[in-house]
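Keep the structure in view as you read.

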Amino acid sequence: MSDPSLERLANATLLAPFPGATPPRWVLEGLERGMSGVTLFAINGNVPGTAGLAGLTGELRRYADPLISIDEEGGDVTRLAHDTGSPYPGSAALGALDDPAVTRRVYRSLGAELREVGVNLDFAPSADVNTADDNPIIGTRAFGSDPETVARHVAAAVAGLQEAGVAACAKHFPGHGATSQDSHLEIPTVDADLPLLERRELVPFRAAIQAGVASVMTGHLRVPALTGDAPATLSHAAVTGLLRGALGYTGPVVTDALDMRAASDAIGIPEASVRALLAGSDLLCLGSKEFEDSVRAIREHIVEAVRQGRLPGERLEEAAERVAGLKAWLATAGSAEVDRAVGLEAARRAVRVTGTPSVSSDPVVVEIQAPSNIAVGPVPWGFGPWVPGVVRVEAADADARDLLERAHGRSLVIVVRDAHRYPGHRGLVTALLAARPDAVLVEMGVPVWRPEGAAYVATYGATRANARAAAEVIGLLEPVSGDALA
């Protein structure tokens, strides 16, 4: 026999995804029966433009007062601008600029854009300290590799988002920056003892908590000294012991997507959900493709775990209270104005130039295509919006002689993204620079690899704003005032 009150408590832990630009009936019924909210994904067709998204969130609010969450970091990870690239630079550029007041402005404007379309919970900012150069999943999503720098900007980002009336979510606790694996695909390991965690990974999370962050997201990463072989999301020591106990955080904890292999590959999403709740999480982000049947199975598994005595009912009540507190805060939160001009302003100030880049009025721009990680997704990047005729090549298939022939008698601009991670990209760049030492190299990822003697431009991100700023610096575009990204 079903227990409506228990099912309602289980529903209160769920942030469900759904396909399309219209909420399906099962989502609306779930909200009526206590489901906390939804997570929107561009890949699911949930972001059909500004008006369409506002209509979608308005329809959701006809049935309840839901949390409507999205993974909008600005920068390279954008859902609002998934079809054009973000008008804001990302965390790495803001960290390189190191002006917390600008970071606060950027995130306040980003929050204002989210609030305008009805989103109230943003899975940002990244509080990871990116100390691993070969990190495949964080990179430009982090404010940098120095804990104190990251902490300053995490606090500023939290303040900006929440001044706009959107709940921030510091992620990925206890810190994904020292990993060389992608938790979408496997369990990354952070080989750090507790004193090192305290000096490095935890500094930005403490800053976020002191700034009043509305929520914290767990990471599916293993810290043997803390979590043993389990990912932090499923670790009571990490969530309840460290985050709540040692750091004193009292707000809701959200899991990273539970469809990621690091969390559920061995045990399935329903069991991962129960273990995450046991660890101390309050809201379950299920992933992008867990629709009606999957959501039902997860809810039933949570209910059965309570009936079996594996999961205390009090744990669900505690989670529901925290979620209710978050919703109460949102009901009284303020608002802000969109300030898109700050995006280009910040991107311009973040650019770093080595040497003296000089480009003629008719250059050949060669972009070496780099694979996007799963978090970034298929978002456009590079000079395409600003420079006609960009030559896009795959490093493995590119012929340096052909590219040099195209650039004969013309300036050559080479654009890369995280070249330090791809030997083939470095090899192609080296061959081109050997023949054309006058070429300009633009790095739109993390600027780790810098060829000796080359004119070098680092943007610290690949957004629409970053590309415009770089094109201005090397003389391909004239700087203009105001928002040139519309």
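This is a predicted model: local features need pLDDT of at least 70, side-chain atom pairs count only at pLDDT 80 or more; totals for chains, interfaces and linings use all residues.

How do the two helices sit against each other? Two packed helices are described by the angle between their axes and the distance between the axes. Here α12 covers residues 269-279 and α13 covers residues 292-307, and they pack at an angle of about 50° with their axes 8 Å apart. Angles under 35 degrees would count as roughly parallel, and 65 to 115 as roughly perpendicular, so α12 and α13 are oblique to each other. Their crossing is right-handed.

Now turn to another pair, helix α5 (residues 100-116) and helix α15 (residues 341-350). The axes of α5 and α15 cross at roughly 145° and come within 10 Å. The crossing of α5 and α15 is left-handed. From α5, the residues making the contact are Val102, Arg105, Val106 and Ser109, and they meet Val342, Glu345, Ala346 and Arg349 of α15. This contact splits into four nonpolar residues, one polar and three charged.

How many cavities of 30 Å³ or more does a search of the whole structure find? It finds three. The largest cavity holds about 40 Å³ of space. Its lining draws on several parts of the numbering: Gly75, Asp76, Gly85 and Ser86, then Val376, Val379, Pro380 and Trp381, and finally Arg417, Ala462 and Thr463. By class, that makes five nonpolar, four polar and two charged residues.

Finally, there is the largest pocket, with a volume of about 520 Å³. Which residues lie nearest the centre of this pocket? They are Phe41, Asp71, Arg79, Ile374 and Ala375, out of 30 residues that line the pocket. The lining as a whole divides into 14 nonpolar, ten polar and six charged residues.

Key: Residues are numbered from 1 along each chain as its sequence is written. Side-chain values use heavy atoms; hydrogens and water are left out. Axes are lines fitted to C-alpha atoms, for helices over the stretch in contact, and angles run from 0 to 180 degrees between N-to-C directions. Helices (H or I, at least four residues) and strands (E, at least two) are DSSP runs, numbered from the N terminus. Angles under 35 degrees count as roughly parallel, over 145 as roughly antiparallel, 65 to 115 as roughly perpendicular and the rest as oblique. A crossing is left-handed if the near helix is turned anticlockwise from the far one by less than a right angle, and right-handed if clockwise. On a 1 Å grid over the protein atoms alone, a cavity is a set of points where a 1.4 Å probe fits but cannot get out, and a pocket is an open set with protein on both sides within 12 Å along at least five of seven lines; lining residues have an atom within 4 Å of a point. Grid points are joined across faces, edges and corners, and a volume is the space filled by probe spheres set on the points. Ala, Val, Leu, Ile, Met, Phe, Trp, Tyr, Cys and Pro count as nonpolar, Asp, Glu, Lys and Arg as charged, and the others, Gly among them, as polar. Contact means heavy atoms within 4.5 Å.
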